[in-house]
Amino acid sequence: MIKEFVDVLIIGAGPAGTMTAAKLAKSGLTVKIVERSHFPRYVIGESLLPQSMAHLEDAGFMPALLERGYQKKIGANFKQGPFQEFFDFSNNYTEGWTWTWQVPRDDFDNVLALEVQKMGVNIEFGTTVTNVNFEPEHPIVQVVDEAGTHKEVQSKFVVDSSGYGRVLANHLDLNEPSSSPVRGTIFAQFKPENGVVEGEENGKVTILVHAEDVWIWFIPFSDGRVSVGFVGNPEVLKSPDGDDETHFLTLLSQNENASQMIEGLTLCMAPKAIHGYSKGIKQLYGKNYVLTGNASEFIDPVFSAGVMFAIESGAVAADLVTKELNGEQVDWEQDYQQHMLSGIDVMRTYIDSWYDGRLKSLFFSVDKPEKIKRQITSVLAGYVWDRSNPFVSRSERTIDLFVELTSGETETSSA
Ligand SMILES: Cc1cc2nc3c(=O)[nH]c(=O)nc-3n(C[C@H](O)[C@H](O)[C@H](O)COP(=O)(O)OP(=O)(O)OC[C@H]3O[C@@H](n4cnc5c(N)ncnc54)[C@H](O)[C@@H]3O)c2cc1C
């Protein structure tokens, strides 16, 4: 059995893995990523949040990302029938980045992977982690490549960034049922029939309310393609006869706003369906390991927060791993698990109140005081650790309070 030694072994080269790798490499540690696929590879999760931009800059990714000319994202637009509300990130309450990007993830993840390779990180593509042994002082990770060659990688620390691969959650029995009900999704991409259409609308993620328990996303890219997906009640989203494409197009044709938004566009990707994307987890760390990004917990895509949590967890985990490997005491419970869970819990409150209707009634209500709108915008921009914002520090109570104050009043502006 071939054996290799590194300081840190990372499983998976998505944004959680590459963010962790970049920061660890900067601190002088030897880092290897084992990635089962070959990049560029398709993955869903294309609308980013401004909160991630400082981390991308700090890790040294910005020059390479800026060169790609991704679609600048300036805010989030919510529409229900004739009603709409736009949350402009430049107007947010928390200090920090006020814009981000909408990215085809195959390209975005590939840029991050190329950059960490330049920083000295060894990425072994086409190689899958099959087993992990935490018994020895330094864990041993077993991998297999596409030629069937088995290898062992020994490291001082293992970071699981395997997303839905959920390597350590499965291996160490850390999976827990999600707090969210089982929901489904069906999504695809469209491209313009007659060249790229420029316009301010391209800089917004648009969320359409389709039914009480189903919503639709529209995420335009800079090359003219638009990512479109339905999320919600799996019974509505499951095609009755297994023909996902016909079902997807039929659902779109039933929504007036959606029909307008895909005018002049043709389908350029076969629709994909996933049922049950939410994942729960018992703990985010243990002796010599940490879980980052989707390998830990994932709730729901409605507020585009998945990559933000992946990047935040990777950045925080990398700093703590560096400290630990330098012989310093690390409080993983407080500085990692509680930190991540506090942000995830704020987002969970927003997600739950979106699905139970409270947040929709707040979004589409008249005359929200400007400060309230800025505070909500901050959360939608990913600033879920700014405890000076009451929509963060007392999210549930604050949402309820304003829903009560504005109940019955619905915006009259036309979409
Ligand atoms: C319908 C839907 C829509 C979404 N929309 C958005 C959105 O608009 N914005 C947003 O921010 N998020 C969105 N998300 C969430 C987003 O997809 C994820 O949160 C994000 O991709 C997580 O990044 P990651 O680095 O943790 O994992 P990933 O990006 O999934 O990367 C994990 C990597 O690990 C590799 N891997 C897995 N198993 C193994 C193994 N055994 N050995 C080696 N390698 C392995 C995989 O090949 C993969 O490359 C959406 C999710 C869903 C379900």
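Which residues does Phe303 touch, not counting residues up to four places away in sequence? They are Leu49, Phe78, Met347, Tyr350, Ile351, Trp354, Leu359, Phe363 and Leu380, where touching means heavy atoms within 4.5 Å. Keep in mind that this is a predicted model, where local features need pLDDT of at least 70, side-chain atom pairs count only at pLDDT 80 or more, and totals for chains, interfaces and linings use all residues. Residues are numbered from 1 along each chain as its sequence is written, and side-chain values use heavy atoms, with hydrogens and water left out.

Now for the wider setting. The largest nonpolar core has 111 residues, and Phe303 is one of the five that touch the most other members, along with Leu56, Phe78, Trp354 and Phe363. Such a core is a set of buried Ala, Val, Leu, Ile, Met, Phe, Trp, Tyr and Cys residues joined through side-chain atoms within 4.5 Å; buried means under 20% relative accessible area (1.4 Å probe, protein chains only). Domain 1 (2-74 + 94-177 + 278-343) and domain 2 (184-275) both give residues to this core, so it lies between them. Those bounds come from an automatic or database domain assignment.

How do the two domains meet? Their C-alpha centres lie 29 Å apart, and the contact takes 17 residues from domain 1 and 19 residues from domain 2. About 1,400 Å² is buried between them, 65% of it from carbon and sulfur atoms; that is the accessible area (1.4 Å probe) the two parts lose on being put together, summed over both. Tyr42, Gln71 and Gln102 supply 34% of what domain 1 buries against domain 2, more than any other three residues.

Note on methods: Buried means under 20% relative accessible area, exposed over 50%, partly exposed in between (1.4 Å probe, protein chains only).
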